[in-house]
Amino acid sequence: MTPTPTSLPDTPPILAFGAHPDDIEFGCGGVIAQETRAGRGAHFVVCSRGEAATHGQPGQRVAEAQRAAALLRATIEFVELDGDSHLEVRAAHAITLAGVLRRVRPGIVLAPSPVENQHPDHSRLGRLVCDAARLARFGGVRELTAAPPHGIAQLLFYALTREAEPGNISPVLIDHSRPEIVAAWVAAMEAHASQTSARNYVEVQLTRARLHGLGAAVEYATALFPADPLVFTSLSGLGRGARGF
Ligand SMILES: [Zn+2]
């Protein structure tokens with residue numbers, strides 16, 4: 001039975017995709033921690049068990065991801081596509097992921113950025129999720145008729161490294177500086193002990209969030225990159241610019 005995220009009434013859940021068991025936590029865990037503590041449901045879809053990694057066995061990787069998701073108050077499921085380091089961009093995978101979108105019916109969707117200078121599974125999954133978001137809306141896709149079409153509100157890309165941040169998209173900076181949020185994020189990253197014991201990935205992500213934060217005069221911020229222009233009905237929803245002018 002696939003777990004179902006719970007949200008405040010009338011607040012659709014966030015759906016986050018990761019190619020490997022630790023991608024979501026390292027790439028956007030601070031944002032997730034903040035949203036779930038505000039009452040929004042979050043669901044993680046992980047598209048491999050990390051079986052090609054140098055460190056950690058698949059069973060351990062799955063257990064680490066489940067613990068990390070619980071720390072972020074998110075539900076989690078694993079979807080088998082081509083396996084770790086073998087992911088290909090194919091229509092069948094986009095349709096599989098579109099089926100997940102129709103079942104979970106999220107507002108905001110998070111996916112790894114499609115920039116190619118990173119693990120190839122990350123950029124390919126970013127492209128697949130983009131395609132899936134389209135297909136989820138189309139009424140006539142015969143493999144998807146089990147659930148009604150669903151249009152998401154926004155697709156936002158997250159980056160796992162500085163090199164994977166799209167240079168052609170202005171980021172939306174999410175300020176998640178509250179100490180309890182940072183602590184929850186760090187705990188979720190540290191749950192991936194098979195990875196953090198090999199390299200100081202936690203410090204890498206905290207430093208990147210600190211740099212984005214310093215640029216926006218806050219403590220910690222995560223940069224998210226909208227796949228499409230964001231639409232607002234009023235200027236008042238815009239937040240502020242990063243620069244202090
Ligand atoms: Zn990864």
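## Reading spaces, a zinc site and a helix

Colleague: Which residues line the largest cavity?

Modeller: F26, G27, A159, W185, Q205, R208, A209, H212, A221, T222 and A223 line the largest cavity. Two or more of these lining residues come from each of α1, α7 and β7. α7 provides the largest share, 4 residues. Helices (DSSP H or I runs of at least four residues) and strands (E runs of at least two) are numbered from the N terminus. This is a predicted model, where local features need pLDDT of at least 70 and side-chain atom pairs pLDDT 80 or more, while totals for chains, interfaces and linings use all residues. Residues are numbered from 1 along each chain as its sequence is written, and side-chain values use heavy atoms, without hydrogens or water.

Colleague: How many cavities does the search find, and how much space lies in the largest?

Modeller: Rolling a probe the size of a water molecule over the atoms shows where empty space is left. On a 1 Å grid over the protein atoms alone, a cavity is a set of points where a 1.4 Å probe fits but cannot get out; a pocket is an open set with protein on both sides within 12 Å along at least five of seven lines; lining residues have an atom within 4 Å of a point. Points join across faces, edges and corners, and volume is the space filled by probe spheres set on them. Here the whole structure has 2 cavities of 30 Å³ or more.

Colleague: Which residues are closest to the centre of the largest pocket?

Modeller: The largest pocket has about 730 Å³ of space. Its lining has 26 residues, and V172, L173, I174, D175 and L238 are the closest to its centre. β6 (172-175) gives the largest share of that lining, 4 residues. By class, the lining has 17 nonpolar, 5 polar and 4 charged residues. Nonpolar covers Ala, Val, Leu, Ile, Met, Phe, Trp, Tyr, Cys and Pro; charged covers Asp, Glu, Lys and Arg; the others, Gly among them, are polar.

Colleague: What is the class make-up of the second largest pocket's lining?

Modeller: That pocket has about 510 Å³ of space. D22, D23, H119, H122 and Y201 are the closest to its centre, out of 22 lining residues. The lining has 6 nonpolar, 11 polar and 5 charged residues. α7 contributes the most, with 3 residues.

Colleague: Which residues coordinate the zinc ion?

Modeller: Donors are N, O and S atoms within 2.8 Å of the metal (3.2 Å for Na, K and Ca); water is not among the atoms, so sites may look incomplete. Here H20 (ND1), D23 (OD) and H122 (NE2) coordinate the zinc ion at 2.0 to 2.1 Å. Their spacing in sequence is H-x2-D-x98-H. H20 and D23 are both buried. Buried means under 20% relative accessible area, exposed over 50%, partly exposed in between (1.4 Å probe, protein chains only).

Colleague: Why do the buried residues of α7 line one face of the helix?

Modeller: An α-helix has 3.6 residues a turn, so residues three or four places apart point the same way. In α7, V202, Q205, L206, R208, A209, H212 and G213 are buried. Down the axis they fall within an arc of 160°, so they line one face. The arc is taken from the directions from the helix axis to the C-beta atoms. Exposed L211 and L214 sit on the face turned away from the buried side.
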